[in-house]
Amino acid sequence: MLAGFLLLLSGLSAALAAGPLTYDLKPVRIARDTYVFVGTTEHFSRANGGNILNPGFIVTEDGVVVIQTGPSRRFGEEMRAAIRKVTPQPIRIVYVSNLHPDYWLGNQAFADVPIAALPGTIAGIQAEGKAITENMYRLVGDWMRGTEPVAPTQPVYGSTVVYGSHRLRLIPLEGHTAADLAILDESTGVLFAGGVVFSDRTPTTPHADVARWLAELDALEALDIHVLVPNHGHIRTDKAAIAQTRDWLTWLDGSLRRAAAEGRDMAELLDMPIPERFAGLGMLRPEFQRSVAHLYPAIERDSLPRALQ
């Protein structure tokens, strides 16, 4: 018993020595009036607290526009404090791009301002928000303390809105999820692509419709973009990340469909070779294996003769 007590005391001492949990958020200026908090290209873990995204904000003469609120209440609070160090302007509005947890679980810190999203995102969070939050508690632990699901309350559609000298085009998309909001600042050429574009990070697919996703990438590529901010991965000053995301999805979908046509079992696919050109993508093998689990059952069903379905 004494040994157990000493072990517990040692653990408490180590936790105290490590200090309080903090994301240590530092905004990076990427264009006029425009800042991003750059996250890692990892998966959610207790080590990173879920900080795997690139949320941002735009300082306008009419207030601050926030894009994504992060994976926890703590993140949202630290994000808001960091914005305050950049500008005294009040928060005017928050935009959330889709229902995945790192986009909106910081909403509690912005509950006093309008939080806007596509209707499909609002419905998805209302339906799945509790389960998504509980899963994040399992994945990142203490970083989530005090976090409760808060759904956006203001539906938005495809339109153009103006805040001060910034003209923002709200672009409704689908494919990565059933509702994905991209935001193009026509004044600076900055595209906040949400989850539709990944940059040097393997795309995630829990709610994906790959055919629709590929069509949306074509639509984004036609835009006049000077800076591309993916929600996951490296910020780019070109459109290479769009091509990279398209290349991965095309290979992934084609490979799974060929495997289904050959009658291969899902377990066989988990360790299948991945082309060398994708070697630089973060979380490559784990995300590929998750995508097999997400996508292959439906592809396998589609490959069966109708008489057997």
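So, Glu216 touches Leu173, Glu174 and Val196, leaving aside residues up to four places away in sequence, where contact means heavy atoms within 4.5 Å. Quick housekeeping: this is a predicted model, where local features need pLDDT of at least 70, side-chain atom pairs count only at pLDDT 80 or more, and totals for chains, interfaces and linings use all residues. Numbering runs from 1 along each chain as its sequence is written, and side-chain values use heavy atoms, with hydrogens and water left out.

Back to Glu216. This residue is buried yet has no salt bridge, and Arg212, the nearest side chain of opposite charge, is 7.5 Å away. Buried here is under 20% relative accessible area, exposed is over 50%, and partly exposed is in between, with a 1.4 Å probe and protein chains only. A salt bridge needs a side-chain nitrogen of Lys or Arg within 4 Å of a carboxyl oxygen of Asp or Glu. For charge, Lys and Arg are positive, Asp and Glu negative, and His and the chain ends aren't counted.

Where does Glu216 sit? It's in helix H5, residues 210–221. Helices (H or I, at least four residues) and strands (E, at least two) are DSSP runs, numbered from the N terminus.

Which residues of H5 are buried? Val210, Trp213, Glu216, Leu217 and Leu220. Down the axis of H5 they fall within an arc of 115 degrees, so they line one face of the helix; the arc is taken over directions from the helix axis to the C-beta atoms. The cover over those residues includes strands S9 (166–173), S10 (180–185) and S11 (190–199), plus helices H6 (240–261) and H8 (284–303).

Now the largest nonpolar core, which has 37 residues; Leu191, Val197, Leu220, Trp248, Trp251, Leu256 and Phe288 touch the most other members. By nonpolar core I mean buried Ala, Val, Leu, Ile, Met, Phe, Trp, Tyr and Cys residues joined through side-chain atoms within 4.5 Å. S9, S10, S11, H5, H6 and H8 each supply at least two residues of this core, and H6 gives the most, with nine. Apart from it lies another core, of 34 residues, including Phe44 and Trp143.

Most residues other than glycine have a negative phi. Asp200, though not a glycine, has a positive phi of about 60 degrees; its place is in the loop between S11 and H5, and at 21% relative accessibility it's partly exposed. Asp33 has a positive phi too, about 65 degrees, in the loop between strands S1 (28–31) and S2 (34–36).
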